[in-house]
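Q: Could you take me on a close look at the aromatic rings in this protein, and at what sits beside them?

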Amino acid sequence: MRNGGEAQGADADGHGELRRETGQLAAPAPPTLLGRLKKHRLLASALTLALVATGVAVPLALAGQDEGPPCQEIPATPRALAENPAAATRALDPGDDLNRLDAVRRLLAHEHPCSDGGQALGAVVDAATRATGPDTPHTLAQARAAFGVVAALNDVELPDGMAPGVARMLAQYVVDQHRYLGSDDEAVLPAVPAESTRPNEKGWTTYGRFLAPGEAHADFEHTRPYPRDKADPRDLIAELAKDPQAFAILYAAERAWFAYYLERLDGQGTDPAYQPKPTKYYPSPRTTWIHYDLEHMADRIGVLMGYRSLYARNGTIPDVTAFDAAVRRHTPGVYLADERQLTGRPPMASIAARKPSGRADENLMDARHELDTVLDAWAAARRIPEARAASLWQIIDNRYVWVLQTTR
């Protein structure tokens, strides 16, 4: 995806009172060898001939003088992985020790694929990490592959066409990617089996609330002691938010997760399975983890809208009105919580595949309105105490506004 153009539209973030001046943009990265060669076509051609003469494979198709930079052909073998999910999972699985992470990088990280190469790579990502059905839990290998994708694409500018496939992967792991706060020495594996995520005697597990039994989970907080090996979903979201289809996929998954989560809270807005045993030193209220999760939901949606605003101002999104229209075209609809308290624990793929409650309206890109509408309808239907509903909204709104204002 490439930047360009001037921002259009008077209210890029959907909330006039929250608009702010654009911050100082980061300095551009030093030019790569390929970047320098793009400016010297004859040198690039000569180097290519020299490499071929020495027997080194060069997967570059040099463009004409005025046709842009050289592109990389994506061979048939990696392309075919999109049609063979089991093989795709094996190819993108970095292993428990991450020893295959460089191989995953080589397969996925391409600066300028030729033709539909970016779309093909996105399809491989989706195939490797997607559950075999909406009611099927992710396997351990699939969860490791999801970690491998996020780590391999760390600080990578995605080529055109790749973002939707990568966004579908993050949507499939919406619960897991919410947990990321930073690298954690106690996160010893890139993914953990289902038995490691079972709630303890208090009904608590570090991997989240309302988890499906039998599902493996990616642990994006795991890392080797090398900065380039981190798997930060939020950094990846910054790249995906440039693409309207990818934006729509992520936004829909977040709103579906919000509705799913509310459905499983009890009449006091708490997790009925969590039964802490407070002491005089550690009160451990029942609301702690609910508030934590709702903050993370507001955080992820705020990040999306924050980048939309930033990119409209700096020209990455040249026409925010056209961008929003494209997001609406790719949006399934709105997601309201069921009026009943639900006790089922479907896997994450089911959340990503949730059917919308209705069509999206003109307020779709006003995320505060969308969240408030869903919360109000749920609180009224479930007769949640007014003070509790107001408290939940304050938690959500505070985090959303803060993230929207601080996204750079």
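**Aromatic rings and their neighbours**

A: Happy to! Let's begin with a charge: K242 lies over the face of Y311, 6.0 Å from the ring centre, where "over" requires NZ of Lys or CZ of Arg within 6 Å of the ring centre and within 35 degrees of the ring normal. Likewise, R255 has its charged end over the ring of Y251, at 4.4 Å from the centre.

A word on the source: this is a predicted model, in which local features need pLDDT of at least 70 and side-chain atom pairs count only at pLDDT 80 or more, while totals for chains, interfaces and linings use all residues. Residues are numbered from 1 along each chain as its sequence is written, and side-chain values use heavy atoms, with hydrogens and water left out.

Now to rings meeting rings. Rings of Phe, Tyr and Trp (its six-membered ring) pair if their centres lie within 6.5 Å; planes under 30 degrees apart are stacked, over 60 edge-to-face, and the rest tilted. That rule gives nine aromatic pairs. In one of them, the ring centres of W204 and W289 are 5.4 Å apart with planes at 45°, so this pair is tilted. W204 counts as partly exposed at 26% relative accessibility (buried is under 20% relative accessible area, exposed over 50%, partly exposed in between, with a 1.4 Å probe and protein chains only). W289 is also partly exposed, with 26%. For F247 and F323, the centres are 5.6 Å apart and the planes at 85°, so the pair is edge-to-face. Both F247 and F323 are buried. Finally, one aromatic cluster is formed by F210, W257, Y260 and Y261.
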